[in-house]
Amino acid sequence: MNDSQVDQLILTFFSSPNIVWPGMAADHPAAERITSFLRALDIRGECPLVLPRRDAAGNPSIVYVVCWDHSHAGRMRPLLQAAVADYLSPFDGRVASLSAADPLGGAIHSMVGSGTTFVLKPTAQTEGRLVVALQRLVRSLDGRPRRNPVLPRPVGRMLREFDLALAVGATEQSAAILQEIERAGGISHENVAFLQMQRLGRLGRDRELLAHGSLPTVVHTEPPQAVREAILAAWGRSNLHVDGVLDLDGGAQRLANEPIDIAMLVDERVAASSDPDALTVGALVSQARDDAGLGEALLANDHLPDEVRVHLVELRPTTTASEEGFPEQDAGSLDGLDTGPGASVVTDDIALARSWFEWLDRLGGGTAVSPVTDLVESWEPAWQVDTELGQAIDDISDLATDTLLAGVAAFLDTADAGRPAPRTARAFISRYLVEERFGPADLSALAALAAIFLSSAPGRDDYASLLDDIATFAPQWSSVASAAQTLDLADTVVCGPRAAPEAQAQFISTVLGPLNAQRQRLSGGLRSLASLITADVGLQWDWAVPASGPESGATELPTGTSVLLYSLDAGTLTRVATSLNRQYPTLTIHQSSDKVATPALRQHSRKADLIAIATGRAAHAATGFISDNAGGRICYPDGCGAASMLRVVEANLEELRSAN
């Protein structure tokens, strides 16, 4: 409540029928005592708000002890028990049920809600002593900040949620979880640096990653493979290209003169990477070391750029090592590899798992921890064993669901867009629904899993069954608070196949119904996207709000404002651009799905006032290129769909509009 609302509440409470402080006169005998009670409104800390009431002359007062939330009321209960000690007022520890019909009780309810207020009813003989006791209680708590009753969550759970947020592109969520991990402690500073670098690499923020204060130390440790690749790829994107052209000779010279020994991160494990820039750095190091084994391993990787492949073949070494150049690194083995986002939480149980089924067996036995992408990439692809893997996931005990769902991040990170694993995706979706996991990152994961399932062109019955199962739980998560994630999921379904059009229409109706009922609380862009979605399934719903609403001037942007939208999903870009054009007719919008640097991408990046970058599985040449050439602010959607991108673009456009 703002100050004017608080003033109105106090004025209401001390008006008729309450005569305890007539007219709120400053010279009234009760003024000083009541004013001391009202100071609790200024801080809203551990001190409760004490409000006395007397409805008729000669009657004893009724005293409301107002707490700020349910947990505060729980802490106040024993303190009140000790203060009044029953002989000053009957007290059974129960909060009062405030009637909305009572103007005084209704005023309190409007401020703090139900379940937060105690009512004390002293007798005429004990009223004075009760007031003294409450004054003593208030003095003892005055000025104390409110306690935070939230207990730190287990570090392992936060790490799993961090992995999932990165996998689904939930940028805000990953940042919030990382801050929570840093506050909670429980892992070393080294592992915190690993997480920070992993996130920066995913966002394509190469300059920040390479300028990280812990980088000189990290390269001399045994960092997780994901961090190794992030550093090598960031260095490659920043140093191997000149004006968009690959410069191998210059890159080799820069690597040799690099003050931070980046080459120490290179061993034969880099040959399993899917990042062309990391592989190119590995190729340069293999030549400098005359490391035939590493060179042969790199040549076997299909992701190695053709130009680098030719260069590596031409200079194929004849010896295994040289006395000059970069020091040779031990290739290492999978069994001893310390991988994952936090080395302190990775155990040998992961290293021993050689397949999805081995991991599930250990999970079923209660000994396995979450799989990490570095290891899963060496396992048999999920699409090759989809039917068996989906059944194995269904067979896992419900008691292991928390750890089982930690595997979703690795599954999404290693998914092959051209060869989906629908049975596995369906099994993970079922677990999310049964366990009722509907947080922001969970909903984004549901959308990503649904996209994998739908991309397999399921039959009519399977299609309808999936949509019906998800829609059954919609009342638990479809709301204004999760509007972006809800629309992402709905848009995924609409953009997919229509094996059962009536089931699709029913799903959209169920999921978006709550949003339509509260459409006045949605931004213009989200309403526009919702209108596209419902129209696509034949629902002619009205998503308009009165022009006199609070957003009536939100479409006014400075002349010449331009936005660059970047995502590998061209369909998402089209949806976002269409919605933005409806809301901001004067806005100039450029779209790009380029994986490499291009002159057009450089020009758009330099001229754009706002750049929205949707992160995928990993950064690539284009994302770092955009960051290096950005002329305006960069923002990242907190999810993988059109609604998430719209939400962050609208928020940043509003800031640009307000600044002008």
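**Entry 1: a term to start with**

Buried means under 20% relative accessible area, exposed means over 50%, and partly exposed lies in between. I wrote that down before opening anything else. I also noted that this is a predicted model.

**Entry 2: the partner of R575**

I looked up what R575 pairs with. Its side chain meets that of D536 in a salt bridge, at 2.8 Å from N to O. D536 sits in helix α29 (residues 524–536), and R575 sits in helix α30 (residues 570–583). The pair therefore ties together parts that are 39 residues apart in sequence. D536 has 31% relative accessibility and counts as partly exposed.

I reminded myself of the background: side chains of opposite charge can pair when their charged atoms come close.

How many salt bridges does the structure hold? I found 24. I followed up two others.

The side chains of E222 and R228 form one of them, with 3.1 Å from N to O. Are the two ends buried or partly exposed? E222 is partly exposed, at 38%. R228 is buried, at 3%.

R254 and D247 form another, and their closest N and O atoms are 3.4 Å apart. Here R254 is partly exposed at 31%. D247 is partly exposed too, at 25%.

**Entry 3: helix α13**

D247 came up again when I turned to helix α13 (residues 248–256). At the start of α13, a side-chain oxygen of D247 reaches to within 3.1 Å of the backbone nitrogen of G250. D247 also holds the salt bridge to R254 that I noted above.

Which residues of α13 are buried? I listed L248, G250, G251 and L255. They cover an arc of only 160 degrees around the axis, so they lie on the same side of α13.

**Entry 4: L449**

Next I picked L449. I found it in helix α24 (residues 440–454).

What does L449 touch, leaving out residues up to four places away in sequence? The contacts are V408, F411, L412, A425, F428, I429 and Y432. I also checked P422, which is 27 residues away along the chain. The C-alpha atoms of L449 and P422 are separated by 8.3 Å.

**Entry 5: the sheet**

I moved on to the strands. An open sheet of 3 strands runs in the order β1-β2-β3, with antiparallel pairing. Strands β1 (49–53) and β3 (117–120) stand at the edges. Each has a single partner strand, so one side of each has no neighbour in the sheet. The twist averages 20 degrees from one strand to the next.

I then went through the pairings. β1 and β2 are joined by 5 bridges. L49 has V66 in β2 as its bridge partner. Strand β2 (residues 62–66) and β3 are joined by 4 bridges. V65 has F118 in β3 as its bridge partner.

Is β1 mostly covered or mostly open? It is mostly covered, since 5 of its 5 residues are buried. In a regular strand the side chains alternate between the two faces of the sheet. I sorted β1 by face. L49, L51 and R53 are on one side, and V50 and P52 are on the other. Both faces are covered.

The peptide bond from S16 to P17 is cis, with omega near 15 degrees. P17 lies in the loop between α1 (3–13) and α2 (31–38).

R44 has a positive phi of about 55 degrees, although it is not a glycine. I placed R44 in the loop between α3 (40–43) and β1.

A457 has a phi near 55 degrees, again a positive value in a residue other than glycine. A457 is in the loop between α24 and α25 (460–472). Helix α24 is also where I found L449. Is A457 buried or exposed? It is exposed, with a relative accessible area of 58%.

Conventions. Residues are numbered from 1 along each chain as its sequence is written. This is a predicted model: local features need pLDDT of at least 70, side-chain atom pairs count only at pLDDT 80 or more; totals for chains, interfaces and linings use all residues. Side-chain values use heavy atoms; hydrogens and water are left out. A salt bridge is a side-chain nitrogen of Lys or Arg within 4 Å of a carboxyl oxygen of Asp or Glu. Buried means under 20% relative accessible area, exposed over 50%, partly exposed in between (1.4 Å probe, protein chains only). Helices (H or I, at least four residues) and strands (E, at least two) are DSSP runs, numbered from the N terminus. Contact means heavy atoms within 4.5 Å. The arc is that of the directions from the helix axis to the C-beta atoms. A polar contact is a pair of N or O atoms within 3.5 Å; within protein, one must be able to donate a hydrogen and the other to accept it, and residues adjacent in sequence count only if both atoms are side-chain atoms. Two strands pair if DSSP finds at least two bridges between them. Axes are lines fitted to C-alpha atoms, for helices over the stretch in contact, and angles run from 0 to 180 degrees between N-to-C directions.
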